[in-house]
Amino acid sequence: DVQLVESGGGLVRAGGSLRLSCVVSGYTSRSFTLAWFRQAPGKAREGVAAIYSGGSPTYYADSVKGRFTISQDHAKNTVNLQMDSLKSEDTAMYYCAAGTIPPGVAAAWALAPAQYSAWGQGTLVIVSS
């Protein structure tokens with residue numbers, strides 16, 4: 001079974017930074033996409049960033065472009081999300097997900113929750129203003 005375990009969430013002031021990590025295990029496919037999603041209270045889950053297993057392409061939601069960076073560490077089987085210049089509207093539960101999405105698809109496709117079949121339990125990020 002695929003397992004994804006997130007870590008790194010916490011409380012941070014607006015303008016600060018956090019780095020989320022997700023350890024991925026049990027994925028047998030060689031071609032897959034890893035992504036970060038978030039869900040704020042009362043809102044739908046939204047895609048934040050995604051990365052193909054080869055390291056590219058990457059995809060970002062417009063709301064985080066220039067502030068968040070997704071990356072992979074193949075040696076540690078992790079996918080990371082570096083979040084800089086955090087805003088109060090970034091407050092949410094952040095989830096790591098894995099899916100067999102081919103490279104080169106449109107960003108909207110790569111960031112759609114329905115495309116992902118494996119999910120972590122989430123890590124909470126709170127940004128205070």
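**View 1. L11, L124 and I126 form a nonpolar surface patch of about 290 Å².** A patch takes residues with over 30% relative accessible area and no salt bridge; nonpolar side chains (Val, Leu, Ile, Met, Phe, Trp, Tyr) are joined within 5 Å, like charges within 9 Å. A salt bridge is a side-chain nitrogen of Lys or Arg within 4 Å of a carboxyl oxygen of Asp or Glu. Areas come from the Shrake-Rupley method with a 1.4 Å probe, and for residues only the protein chains shown count as cover. I126 sits in strand β11, residues 123-128. Strands (E, at least two residues) are DSSP runs, numbered from the N terminus. I126 is partly exposed because its relative accessibility is 36%; buried means under 20%, exposed over 50%, and partly exposed lies in between.

This is a predicted model: local features need pLDDT of at least 70, side-chain atom pairs count only at pLDDT 80 or more, and totals for chains, interfaces and linings use all residues. Residues are numbered from 1 along each chain as its sequence is written, and side-chain values use heavy atoms, with hydrogens and water left out.

**View 2. Four strands make an open sheet in the order β1-β3-β8-β7.** The pairing is antiparallel. β1 (3-7) and β7 are the edge strands, and each pairs on one side only. Neighbouring strands are turned by 15° against each other on average, direction ignored. The angle uses axes, lines fitted to C-alpha atoms. Strands of a sheet pair through backbone hydrogen bonds.

**View 3. β3 and β8 pair over six bridges.** Their sense is antiparallel. Two strands count as paired if DSSP finds at least two bridges between them. R19 has Q82 in β8 as its bridge partner.

**View 4. S31 lies in the loop between β3 (18-25) and β4 (33-39).** What does S31 touch, leaving out residues up to four places away in sequence? Its contacts are Y52, S53 and T100; contact means heavy atoms within 4.5 Å. S31 is partly exposed, because its relative accessible area is 39%. K43 is twelve residues from S31 in sequence, yet 31 Å away in space, C-alpha to C-alpha.

**View 5. A cis peptide bond joins S56 and P57.** Omega is about 5°. P57 is in the loop between β5 (46-52) and β6 (58-60).

**View 6. N77 has a positive phi, near 55°, without being a glycine.** N77 is in the loop between β7 (68-73) and β8 (78-83). Its relative accessible area is 47%, so N77 is partly exposed.

Technical notes:
Buried < 20%, exposed > 50% of the residue type's maximum accessible area, 1.4 Å probe, protein only. Axes fitted to C-alpha atoms, helices over the stretch in contact; angles between N-to-C directions.
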